[in-house]
Amino acid sequence: MTYSHEVEHMCVVKKGPNHGPAPIPEEGKWVKSKEIVDISGLTHGVGWCAPQQGACKLTLNVKNGIIHEALIETIGCSGMTHSAAMASEILPGKTILEALNTDLVCDAINTAMRELFLQIVYGRTQSAFSEGGLIIGAGLEDLGKGLRSQVGTLYGTLAKGPRYLEVAEGYIKNLFLDKNDEICGYEFVHMGKFMDEIKKGTDANEALKKVTGTYGRVTEEQGAVKSIDPRHE
């Protein structure tokens, strides 16, 4: 260690009590974290690229400083999906400090990693007060059946009004309009369940019927006057 001339000639003054860091909540315990291995927790965060063309939601499950589970969800940019594929291989096994300083290929994923790092090291995780934390695999629970991201794709113009394309229930097949031409319901296809049926060998038409549902007022008795295909009408 090299000291400046001024510091070399200073006398020693004892610094007094050293109580260490303030404890943070981690998986149902209060932890005074001094090393990366002291950090545990599961949390989510979002990131964006410089032109804000796309965004990433990142979920990490950290145990004793090491990432054991990573879920990368991206939207808005085709290249980001391939970056996410690489990140899913890169992240597990790294410490959160390593991951913070690793090129995760896409700026949106890098930004999400930065935001998650801040949450995790400050004890602001989703599992802060969950005794023992969350099991490896908990990151998939948000995806639900069919393991598909919760995606909302909605579009609208002043001239032609709104178009629902995909919501939590699934891919929008038809929109139902009332006598005022206002949306009063929709028909949807749950794509995750649909693909599960196809993989089981169910006929495609039969599978489509099984996973198609409706929401809102969709019959004449309920006030629906007509239906439209939101992608072509």
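Q: Which class does Asp-142 fall into at 37% relative accessibility: buried, exposed or partly exposed?
A: Heads-up: this is a predicted model, where local features need pLDDT of at least 70 and side-chain atom pairs count only at pLDDT 80 or more, while totals for chains, interfaces and linings use all residues. Residues are numbered from 1 along each chain as its sequence is written, and side-chain values use heavy atoms, leaving out hydrogens and water. Buried means under 20% relative accessible area, exposed over 50% and partly exposed in between (1.4 Å probe, protein chains only). At 37%, Asp-142 therefore counts as partly exposed.

Q: Which residue's side chain meets Asp-142 at 3.6 Å, N to O?
A: A salt bridge needs a side-chain nitrogen of Lys or Arg within 4 Å of a carboxyl oxygen of Asp or Glu. The contact at 3.6 Å, N to O, is a salt bridge, and it links parts of the chain 85 residues apart. The partner is Lys-57.

Q: How far is the nearest cysteine sulfur from that of Cys-49?
A: Cys-49 is buried, with 12% relative accessibility. A disulfide calls for two cysteine sulfur atoms within 2.5 Å, and the structure holds zero of them. For Cys-49, the nearest cysteine sulfur belongs to Cys-106, and its distance is 6.2 Å.

Conventions. Helix = DSSP H or I, 4+ residues; strand = E, 2+ residues; numbered from the N terminus.
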